[in-house]
Amino acid sequence: FVVGLPDKVGRDTSAIIAAASSGRLGGLLVGGVDPADLVGSGDVLDALTRCFVVSLEIRRSAVTDLADVVLPVAAHQEKSGTFIDWEGRVRSFETALTSSAMSDHRVLDLLAGEMGEDLGVRTLEAVRTDMRALGPWTGDRAAVPAFEAVEVPLLDAGQAVLATWHHLLDSGSMQDGEPFLAGTAPKAQALLSAKTAASLGLADRDPVRVSVGSGAITVPLTITEMADHVIWLPTNSPGSAVRSTLGVDAGAVVSLTKGGAE
């Protein structure tokens, strides 16, 4: 029974990876995480080799390849559960396909039991009863996080600020085994303003090389209306795996050259 939330702030993803790499964490329970979605995926994979890893997955992945124990869990079609939409509305669903795979809550309950803890989530009804008992939050809202304003980076010739986000259809692991769906995904391309492209001697459809350190991505260029001195790349599309290839994310300063020029 949880009597309250801990006062100490827990580790975020980066802190968990750092603690596993340094040996401060002896084990990790990883569920549905694709290292390619994280900045510095090589560091993530290295951390997984330095501790005992239990993976909860529905298919083979980079994590299962390194895990000490892999526990298959049911896909959402094979279990009952609840989604909460962007408006906070509860949308429950029931099992559509029968399989022998266990739902996540059952696997977590069994693992906790082996560790001498009772999560009280042995059955779906127990989970839903707990959630109904919690009800909506009626206390004070958490304070809005305060962040220091970031200085606008000073750019040298041939540099730009990286902007990036995912396409809805990209190289995500949920499209494994679906070549026809994946085939409808947008092709990877870079976006630049006309002014920035002209300053680099680039024309529409030219190949542009985006690099940081030893990592580089080369994709065709499309000139469009957007902020100057900014280049956009899809985060995880074929030919443009920003986080795993470049090791950076949106806001980083990157170098631009035409074609395959160094």
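**Loops, a helix and a domain contact**

Biologist: What is the relative accessible area of His229 in this predicted model?

Modeller: His229 is partly exposed, and the class spans the range between under 20% and over 50%. The residue belongs to the loop between strand E9 (215-223) and strand E10 (230-234).

Biologist: Thanks! What is the phi of His229?

Modeller: Here the backbone deserves a second look. Most residues other than glycine have a negative phi. His229 is not a glycine, yet its phi is positive, about 65°.

Biologist: Which residue with a positive phi follows helix H3?

Modeller: Helix H3 covers residues 104-114. After H3 comes a residue whose phi is positive, near 80°. That residue is Gly116.

Biologist: Staying with H3, which elements are included in what covers its buried residues?

Modeller: The buried residues in H3 are His105, Arg106, Val107, Asp109 and Ala112. An α-helix has 3.6 residues a turn, so residues three or four places apart point the same way. The cover over the buried residues of H3 includes E2, E3 and helix H4 (124-134).

Biologist: Is Ser61 buried or exposed?

Modeller: Ser61 sits in the loop between strand E2 (52-57) and strand E3 (69-72). Its side chain reaches the backbone nitrogen of Val63 at 3.2 Å. With a relative accessible area of 16%, which falls under the 20% cut-off, Ser61 is therefore buried.

Biologist: Now the domains: how much area is buried between domain 1 and domain 2?

Modeller: The chain is divided into domain 1 (13-134) and domain 2 (159-258). Ten residues from domain 1 and ten residues from domain 2 take part in the contact. Carbon and sulfur atoms give 49% of the buried area, which is about 770 Å².

Biologist: In domain 1, which residues lose the most area to domain 2?

Modeller: The side of domain 1 that touches domain 2 has four nonpolar, two polar and four charged residues. Three residues together account for 56% of what that side buries. They are Asp37, Val39 and Arg59.

Biologist: How many salt bridges are found across the interface of domain 1 and domain 2?

Modeller: Between the two domains, one residue pair is in polar contact. As for salt bridges across this interface, the number found is zero.

Methods: Residues numbered from 1 in each chain as written. Predicted model: local features only at pLDDT ≥ 70, side-chain atom pairs only at ≥ 80, totals over all residues. Heavy atoms only, no water. Domains from an automatic or database assignment. Contact = heavy atoms within 4.5 Å. Buried area = accessible area lost by both parts, 1.4 Å probe. Salt bridge = Lys/Arg side-chain N within 4 Å of Asp/Glu carboxyl O. Polar contact = N/O pair within 3.5 Å; in protein donor to acceptor, adjacent residues only side chain to side chain. Nonpolar A, V, L, I, M, F, W, Y, C, P; charged D, E, K, R; others polar. Helix = DSSP H or I, 4+ residues; strand = E, 2+ residues; numbered from the N terminus. Buried < 20%, exposed > 50% of the residue type's maximum accessible area, 1.4 Å probe, protein only.
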